[in-house]
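Please consult the sequence and the model shown here before turning to the notes.

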Amino acid sequence: MDATIFGSDLVRMIIGLIGVIALVSVNALFLIWMERKVAAHIQLRPGPMEVGWHGSIQTIADALKLMGKELITPDDVDKPVYWLAPIVIFLPVLLSFLVIPFAPGLVIRDMNVGVLLILSFAALTVLAILMAGWSSNNKYAVLGSIRSVAQNVAYEIPLLITVMSIILMVGSFSLVDIVKAQEKYWFILLQPLAFILYITCATAETNRAPFDLPEAESELVAGFHTEYSGMRFALFFLAEYTNMFIVSALATVFFLGGWRGPFLPGWAWFFIKVYAMIFLIMWFRWTFPRVRFDQLITFAWKILIPLAFANLLLTAFLMKLF
Amino acid sequence: MLEPLEEKRYVLNLGPQHPATHGVLRVELEMEGEFIVKADPDIGYGHRAHEHMAENRNYLQFLPNMGRVDYLHALAYNQGYCMAVEKLIGLQVPERAEYIRVITSELNRISSHLLWFGAFLMDLGAFTPFLYCFDDRENILDLLDRVTGSRLTYCYYRFGGVPQDIDQEFIDGCRAFVKRLRGRWKDYDNLVTKNIIFIERTKGIGVITKEQCMLYGLTGPMVRGSGIPYDIRKKEPYSAYPQFDFEIPVGENGDTMDRYLVRLREMEQSLRIIEQALDKLPNGPIMAEKVPKRIKPAAGEVYAAVEAARGEFGCYIVSQGDVKPYRIKLRVPSYANLSILPEIAVDTLVADLVAILGSIDVVVPEIDR
Amino acid sequence: MLSDDIRKALGPLNLEKVESGDYSKTGYHLEVAAKPAQMPEVAQAMLAQGCFLESLTALHFREHFTLVYHFAHYDELCRTVVHAMLPIGQKAPTISHIYPGANWYEREVYDLFGVRFTGHPDLRRILLPFDADFHPLLKEFEEIVEESESKANA
């Protein structure tokens, strides 16, 4: 970073931080409401209707309830780790917002390693899940966290390789540059396979159904967060939904042209695309059964990774050709 | 903090409070990683001593208990018990009553299968089919509510017939429901049966051979999934079933997928039975003429079997010439069906165990009695 | 006819009674009476005929228990009932090595009546809690001498 830490940069940072925290909270509240509504309408029922217009402030009531709940710390948990895990899971998702370009100029910091930053922060989530599962002193939680580690490691590789093919086309790790490069075509048109691979991996990375094995409720009760209650549980929830936002934002940047779109301002287009992506991920969840753990890993190593490599090679070949 | 695992094996308690055990069933699993080395089901958490109650009540007083053994296909249990008592005292049930019994019992069978369908898929992680099924099942509950007066724990049949006749509105409602459910098969097929994840999760999982069926005394969809066409409605015809044309769907491999398909096709056969019964519904009384006020059968014993949604329900009554039965043994299908679990669960993953448990379709209160 | 085959198979076993039953009245095609000690042989013969064990239960009378075995067949309608009189205080041999499905039924009979089966691999209580100190389906004729209970029984 440059030397201008004081001055305009500091102000920019503080405003950014406040903005991000506000965005994260409001976004999570909205997404939980949206998830319930989407699920409800897919399932032929109205969903929450009582609190506010169509249950719109239901999640605020829920959040207040969760804040009022007792924070239960079971006996025999590894207390420092148990307490730290919800915070650790929340930190990387907050940091990822640093580099996301919401609109032209509306990015907290446009770094030339933006993609790498986000992906390496995303990997930190696994650490928090492992901490939560291991410290809970609960067999279901341990199984859930072990699954989570194996799953995230397996799916990070095809995710990275898929993203590599985009970066190869743009020649920059900066998210702003990637959006700028999609002036003529959105990359989803040039890289349809990469888009499908990315969505699959992103669903697995965020532990969403059909890949929600770390918290598979019919097998592992609630997986790694079985023993958490109240606000600690809410933080895991918040992190999950914020993660969903981040992967969808990345999908928007990589494949859907970021803020580009006619008539409406850039930030509006950005959010429309992000929420459309989130809707897609929710749609998956409420349609598919859950895969089995060995199938999940086999799928990653035997199908996704070769496909991602093939796509990368093809991209490189075509880049050289034209 | 967990101690470092010195041994590779550890014990995992699946239940008694666990989302996949459908009631209070506990399975003690000995595991190596995620593989099951040994499974030991622990039942009896919901033991209500129905058989003991039977010995302290007269025959009629025990009738309402039958709706509470297997609450999902309660009418089959009503029927099994009524048939046993009717055999014991030599009572002939009028034809119209038999038809009404068949119609309501088949409706109840469909509602039980629909609930199983939803719950099974929820075990596999698909939440949405559950609510689709409940939407359909709601129709049945409304229909049965109309004639039986309750939505669950039915106590509708009496010794010698049924207490209340069905009306035109019920008949129209049944016909509309048959039509509606027929239109749903395609949705279920597209949403579930053809889903690649579902196929991968169920094919070749929990295979039960014909030999094993015999050794464990399995009945119902469990044996039919393994290719044995054993259905009491055909093999030991009772009530009005011989007068209807229906098939017994069977599977080939005896895996979870086959049991799923068998149940799905069975619902269609039940619809056929209902349709035919409504077409042929005879007029006449719904209650036998001379039903004794005080049931006091001669000494002797009787065994009556009916095909419940989960398999053969047998009612074994021993009378010593008293107003109270000397002993009633309820032969419940899930009891035998679950007893095979320790054998087929070995060397599977926890996720498979959940799928297998779902495909057995246990109703735990029925096992516990 | 399957019932004839079963009669033939049970013939050499010298059972007390092998008679055809009145199906319309009792639901049995074949009524058999045997000694508990003969049950493994009977079960073996029934298995050879392709029958499955439908249910196994017991009746408690003043002088004896009666073990009641129901057998049925998947292909042919033929229900066989076997009554085996067991004097109180004696043990019956298990048939769970022949029909594994009998394992749970025998545990249930043990649980509800206190009848012990010799050779059973895992004779624990099944419906009642493991530390229960009574057998609920015993009739109250007079004082019945109960066997001492221990959780880890043989």
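This is a predicted model: local features need pLDDT of at least 70, side-chain atom pairs count only at pLDDT 80 or more; totals for chains, interfaces and linings use all residues.

For chain A, the mean pLDDT is 82.

**Confidence in chain A**
- In chain A, 97% of the residues reach a pLDDT of 70 or more.
- Residues 1-5 of chain A stay under 50 in pLDDT, and the model gives this stretch two contacts beyond four places in sequence.

**Architecture of chain B**
- Chain B contains 15 helices and six strands.
- The C-alpha trace of chain B spans about 75 × 50 × 35 Å along its principal axes.
- The radius of gyration of chain B is 21 Å, which agrees with the value near 21 Å that a compact globule of 369 residues would have.
- Of the 369 residues in chain B, 55% are buried.
- When contacts in chain B between residues at least 6 apart in sequence are considered, 70% join residues at least 24 apart.

**Interface between the chains**
- Contacts between the two chains involve 28 residues of chain B and 26 residues of chain A.
- On the side of chain B that touches chain A, two or more residues each come from strand 1 (9-14), helix 4 (95-123), helix 5 (128-148), helix 7 (196-202) and helix 14 (350-360) of chain B.
- This side of chain B comprises 19 nonpolar, four polar and five charged residues.

Terms used. Residues are numbered from 1 along each chain as its sequence is written. Chains are lettered from A and ligands numbered from 1 in the order in which they are written. Two residues are in contact if their C-beta atoms, placed from the backbone, lie within 7 Å. Helices (H or I, at least four residues) and strands (E, at least two) are DSSP runs, numbered from the N terminus. Ala, Val, Leu, Ile, Met, Phe, Trp, Tyr, Cys and Pro count as nonpolar, Asp, Glu, Lys and Arg as charged, and the others, Gly among them, as polar. The radius of gyration is taken over C-alpha atoms; the globule rule is 2.2 Å times the number of residues to the power 0.38. A residue is buried if 20 or more other C-beta atoms lie within 10 Å of its own, exposed if 12 or fewer, and partly exposed in between; C-beta atoms are placed from the backbone. pLDDT is the predictor's confidence in each residue, from 0 to 100.
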